[in-house]
Amino acid sequence: MEVKLGLKENWKQFTLLVIINAFVGGMVGLERTILPQIAEADFGIAAKTAILSFIVVFGISKAITNYYTGAFANRIGRKNLLVIGWLIGLPVPLILIYATDWNWIIAANMLLGINQGLTWSSTVVMKIDLVGSKNRGLAMGINESAGYLAVGIVAFLTGWMASEYGLRPYPFYLGIAFAIVGIMSSYFLVKDTVHHVNSEINASQIKKL
């Protein structure tokens, strides 16, 4: 299979991955504004304690997942890893809607950390695969910008929805939509970039000869 590296040559897949990573970021923004309020209103937990607990659990689970993502990507494929990450993230908004105990919120953030580790990292790797080593920094920059912009926008939207319609369940309906669209687009539209990786490796080996 003949493939070409570069942003211009692969702009359709690259743009799709940028959009998907925006949904990934949206999953984080989903809870950042309103979880501390839910902790106080529904569970009687101080906001600072709540912020510390769910962010620490999220960070640890994401860090551990990131550590193994590279090996998993090579073993089972980038696209498969992306889809698995979305499947793991799918229950998160549902748990946040129906949780009757703070431990369920912690469990949801553990799943969210794994979701972020798999999906965010795999979109980064796939973008780098598409553009090649020369444009690696550009791919990283676009990926991070899209993801964190989505975090901010969704955090604002969920805060507004919470003020208008209550803390639960309406703000978390966004997360259900993000997860479904993320899974469907990742499975049906994203193409694995393994051929781009092989092309770059072969080109590198030829230059060394």
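Which residues in α5 are buried? The legends below answer this and describe other close-up views of the model, which is predicted.

**Figure 1. Buried residues of helix α5.** The buried residues in α5 are Val 92, Pro 93, Ile 95, Leu 96 and Ile 97. They pack against five helices, namely α1, α2, α4, α6 and α8.

**Figure 2. The largest nonpolar core.** This core holds 46 residues, and those that touch the most other members are Leu 82, Trp 86, Leu 96, Trp 102, Phe 172 and Val 190. At least two residues of the core come from each of α1, α2 (35-43), α3 (47-76), α4, α5 (91-98), α6 (102-131), α7 (136-165) and α8 (170-188). Helix α6 gives the largest share, with 11 residues. In soluble globular proteins, nonpolar side chains tend to be buried together.

**Figure 3. The surroundings of Trp 102.** When residues up to four places away in sequence are not counted, Trp 102 touches Leu 35, Ala 39, Phe 43, Ile 45, Ala 50, Ser 53 and Phe 54. Trp 102 is also one of the core residues that touch the most other members.

**Figure 4. The packing of helices α1 and α4.** Two packed helices are described by the angle between their axes and the distance between the axes. Here the axes of α1 (residues 11-32) and α4 (residues 78-89) come within 12 Å and cross at roughly 25°. Because angles under 35 degrees count as roughly parallel, α1 is roughly parallel to α4. Their crossing is left-handed. On the α1 side the contact is made by Leu 17, Ile 20, Phe 23, Val 24 and Met 27, and on the α4 side by Leu 82, Trp 86 and Gly 89. Of the residues in this contact, 7 are nonpolar, 1 is polar and none is charged.

**Figure 5. The packing of helices α3 and α4.** The axes of these two helices lie 7 Å apart, and the packing angle is about 120°. The helices α3 and α4 are therefore oblique to each other. From α3, the residues Thr 69, Phe 72, Ala 73, Asn 74 and Ile 76 meet Arg 78, Asn 80, Leu 81 and Ile 84 of α4. The residues of this contact comprise 5 nonpolar, 3 polar and 1 charged.

**Figure 6. Leu 5 in the segment before α1.** Leu 5 has a relative accessibility of 28% and so counts as partly exposed. Although Leu 5 and Ser 133 are 128 residues apart in sequence, their C-alpha atoms are 9.2 Å apart in space.

How values were computed: Residues are numbered from 1 along each chain as its sequence is written. This is a predicted model: local features need pLDDT of at least 70, side-chain atom pairs count only at pLDDT 80 or more; totals for chains, interfaces and linings use all residues. Side-chain values use heavy atoms; hydrogens and water are left out. Axes are lines fitted to C-alpha atoms, for helices over the stretch in contact, and angles run from 0 to 180 degrees between N-to-C directions. Helices (H or I, at least four residues) and strands (E, at least two) are DSSP runs, numbered from the N terminus. Angles under 35 degrees count as roughly parallel, over 145 as roughly antiparallel, 65 to 115 as roughly perpendicular and the rest as oblique. A crossing is left-handed if the near helix is turned anticlockwise from the far one by less than a right angle, and right-handed if clockwise. Contact means heavy atoms within 4.5 Å. Ala, Val, Leu, Ile, Met, Phe, Trp, Tyr, Cys and Pro count as nonpolar, Asp, Glu, Lys and Arg as charged, and the others, Gly among them, as polar. A nonpolar core is a set of buried Ala, Val, Leu, Ile, Met, Phe, Trp, Tyr and Cys residues joined through side-chain atoms within 4.5 Å. Buried means under 20% relative accessible area, exposed over 50%, partly exposed in between (1.4 Å probe, protein chains only).
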